[in-house]
Amino acid sequence: LTTQPENRDAVRQLGGIQHLVRLLRCCSEATTLENVLGALKNCTAGNETNQALVGSLGGVEAVVGLLSGDLGMGRGHAAAGVSPSPTPPSQSEAVLREAVLLLKNLAGLDENNALIGRCGGVTAVARLARKCAAGGGGVPQSDIVVKVAAFALQSFARNETNRLLIEQAQS
């Protein structure tokens with residue numbers, strides 16, 4: 001549904017993005033998280049209005065929190081009317097892939113790209129790439145996640161501060 005450009009706008013206009021961000025903040029089941037992240041990824045692909053909305057709803061912080069294993073990270077649990085899940089989300093390859101690709105899409109908007117760096121997203125993605133390359137630290141070994149992480153880091157590097165964070169993460 002959200003792969004069609006006209007449907008991306010319809011999902012936003014009907015309040016779907018707000019509901020997806022709320023689910024992102026409270027869900028810990030891997031299949032649901034994968035689908036929520038995938039829908040948000042598709043809704044934000046090439047759509048700056050949707051990218052801005054996800055950023056304004058705390059979606060950047062929520063995704064970084066998932067990648068960092070910190071569901072309490074970011075703003076707005078109370079504002080969103082949702083309490084964080086008491087259990088950490090699954091670190092399945094599909095969830096990690098979709099989360100990184102969503103951040104890559106959100107970085108298409110300069111404000112979100114800067115926010116990704118400020119809230120620890122650049123560091124989280126760089127660490128994830130290293131962990132997935134070696135297969136350890138609670139994450140699966142995954143060439144796919146390493147590749148999408150490299151793709152996302154390229155997008156983050158459009159921001160000068162993020163470039164410095166990438167360099168620091170490599171040392």
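Five salt bridges were identified in the predicted structure. One of them joins Arg-12 to Asp-9, with the closest N and O atoms 3.0 Å apart; both residues belong to helix α1 (residues 5-13), where they are three residues apart, or about one turn of the helix. Arg-12 has a relative accessible area of 18% and is therefore buried, the cut-off being under 20%, whereas Asp-9, at 27%, is partly exposed.

A salt bridge is also formed by Glu-98 and Lys-41, whose closest N and O atoms lie 2.9 Å apart. This pair links distant parts of the chain, since Glu-98 is found in helix α7 (residues 93-106) and Lys-41 in helix α3 (residues 30-44), 57 residues apart. Both Glu-98 and Lys-41 are buried, and the two residues take part in a network of salt bridges together with Glu-34 and Arg-97.

Arg-158 and Asp-110 meet through their side chains in a salt bridge with an N to O distance of 3.3 Å. Because Arg-158 lies in the loop between α10 (143-156) and α11 while Asp-110 lies in helix α8 (residues 110-118), the pair ties together parts that are 48 residues apart in sequence. Arg-158 is partly exposed, with a relative accessible area of 46%, and Asp-110 is exposed, at 53%.

The structure contains zero disulfides. Cys-43 is buried at 0% relative accessibility, and Cys-119 is likewise buried, with a relative accessible area of 13%.

Leu-164, located in helix α11 (residues 160-170), is partly exposed at 46% relative accessibility. The C-alpha atom of Leu-164 is separated by 9.8 Å from that of Gly-117, a residue 47 positions away along the chain.

Notes: Residues are numbered from 1 along each chain as its sequence is written. This is a predicted model: local features need pLDDT of at least 70, side-chain atom pairs count only at pLDDT 80 or more; totals for chains, interfaces and linings use all residues. Side-chain values use heavy atoms; hydrogens and water are left out. A disulfide is a pair of cysteine sulfur atoms within 2.5 Å. Buried means under 20% relative accessible area, exposed over 50%, partly exposed in between (1.4 Å probe, protein chains only). Helices (H or I, at least four residues) and strands (E, at least two) are DSSP runs, numbered from the N terminus. A salt bridge is a side-chain nitrogen of Lys or Arg within 4 Å of a carboxyl oxygen of Asp or Glu.
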